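Work through the exercises below with the sequence and the model open side by side. Try each task before reading its solution.

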Amino acid sequence: MRRLILTALLFVAACASPAERITQTLVDRGVPQRQAKCMGNRLGDRLSLEQLNRLKTLSKVETSRSGRFSIKRLADALDQQGDPKLVSEVMGAGLSCLI
């Protein structure tokens, strides 16, 4: 029975949309829920599959002592991706969803 439940949970987790995965990662990294959902929806719609895969590396960016992303660290990590559109989309989503 436990195995069946675990399999079902893994199946549901695998079905999460890119927007949902982005949102959850941002929340886990200290971004407020409302802002994370806004960013997740925007980025999930605008980024290519390749860019979404590059975005996964941001989950490894160190947080500040408060447990949140540092803008400097985030900008540095994005810049290392070598994709100006990715930088533009993530920073734009962050700013537009902050309001």
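## Exercise 1: Glu-89

At 12% relative accessibility, Glu-89 counts as buried. This comes from a predicted model.

Task: Locate Glu-89 in the secondary structure and list its contacts beyond four places in sequence.

Solution. 
- Step 1. Find the element. Glu-89 sits in helix H6.
- Step 2. Check burial. The cut-off for buried is under 20% relative accessible area. Glu-89 has 12%, so Glu-89 is buried.
- Step 3. List the partners. With neighbours up to four places away set aside, Glu-89 contacts Arg-42, Leu-43, Arg-46 and Leu-47.

## Exercise 2: Leu-47

Task: Where does Leu-47 lie, and is Leu-47 buried or exposed?

Solution. 
- Step 1. Leu-47 belongs to the loop between H3 and H4.
- Step 2. Read the accessibility. Leu-47 has a relative accessible area of 8% and is buried.
- Step 3. Collect the contacts. Beyond four places in sequence, Leu-47 touches Leu-52, Leu-55, Leu-86 and Glu-89.
- Step 4. Take one pair further. Leu-47 and Glu-89 are 42 residues apart along the chain, and their C-alpha atoms are separated by 7.8 Å.

## Exercise 3: The fold and its core

Solution. 
- Step 1. Count the elements. The protein chain has six helices and zero strands.
- Step 2. Find the core. The largest nonpolar core has 15 residues. Those with the most contacts inside this core are Ile-22, Leu-26, Leu-43, Leu-47, Leu-55, Leu-86 and Val-90.
- Step 3. Assign the helices. The largest share, four residues, comes from H6.
- Step 4. In soluble globular proteins, nonpolar side chains tend to be buried together.
- Step 5. Leu-43 touches Ile-22, Leu-52, Leu-55, Glu-89, Val-90 and Ala-93, leaving out residues up to four places away in sequence.
- Step 6. Buried residues make up 29% of the 99 residues. Among contacts with a separation of 6 or more, 58% join residues 24 or more positions apart.

## Exercise 4: Two helix pairs

Task: Describe how H3 packs with H6, and how H2 packs with H3.

Solution. 
- Step 1. Two packed helices are described by the angle between their axes and the distance between the axes.
- Step 2. Apply them to H3 and H6. The axes come within 9 Å and cross at roughly 145°. The crossing is right-handed.
- Step 3. Sort the residues of this contact. H3 residues in the contact include Cys-38, Met-39, Arg-42 and Leu-43; those of H6 include Glu-89, Val-90 and Ala-93. By class, the contact of H3 with H6 has seven nonpolar, four polar and five charged residues.
- Step 4. Turn to H2 and H3. Their axes are 8 Å apart, at an angle of about 145°. H2 passes H3 in a right-handed crossing.
- Step 5. Sort again. Among the residues that meet are Pro-18, Ala-19 and Ile-22 in H2, and Gly-40, Leu-43 and Gly-44 in H3. The contact of H2 with H3 divides into eight nonpolar, five polar and one charged residues.

## Exercise 5: Gly-44

Task: Which residues does Gly-44 contact beyond four places in sequence?

Solution. 
- Step 1. Gly-44 is in helix H3.
- Step 2. Read the accessibility. Gly-44 is partly exposed, at 22%.
- Step 3. Name the partners. Gly-44 is in contact with Pro-18, Ala-19 and Ile-22, leaving aside neighbours within four places in sequence.
- Step 4. Compare sequence and space. Gly-44 and Pro-18 are 26 residues apart in sequence and 5.3 Å apart, C-alpha to C-alpha.

## Exercise 6: Gln-51

Task: Is Gln-51 buried or exposed, and which backbone nitrogen lies 2.9 Å from a polar atom of its side chain?

Solution. 
- Step 1. Gln-51 lies in helix H4 (residues 49-55).
- Step 2. Read the accessibility. Gln-51 is buried, with a relative accessible area of 6%.
- Step 3. Find the polar partner. The nitrogen belongs to the backbone of Ser-48.
- Step 4. Finish the contacts. Beyond four places in sequence, Gln-51 touches Arg-46, Asp-83, Lys-85 and Leu-86.

Methods: Residues are numbered from 1 along each chain as its sequence is written. This is a predicted model: local features need pLDDT of at least 70, side-chain atom pairs count only at pLDDT 80 or more; totals for chains, interfaces and linings use all residues. Side-chain values use heavy atoms; hydrogens and water are left out. Buried means under 20% relative accessible area, exposed over 50%, partly exposed in between (1.4 Å probe, protein chains only). A polar contact is a pair of N or O atoms within 3.5 Å; within protein, one must be able to donate a hydrogen and the other to accept it, and residues adjacent in sequence count only if both atoms are side-chain atoms. Contact means heavy atoms within 4.5 Å. A nonpolar core is a set of buried Ala, Val, Leu, Ile, Met, Phe, Trp, Tyr and Cys residues joined through side-chain atoms within 4.5 Å. Axes are lines fitted to C-alpha atoms, for helices over the stretch in contact, and angles run from 0 to 180 degrees between N-to-C directions. A crossing is left-handed if the near helix is turned anticlockwise from the far one by less than a right angle, and right-handed if clockwise. Ala, Val, Leu, Ile, Met, Phe, Trp, Tyr, Cys and Pro count as nonpolar, Asp, Glu, Lys and Arg as charged, and the others, Gly among them, as polar.
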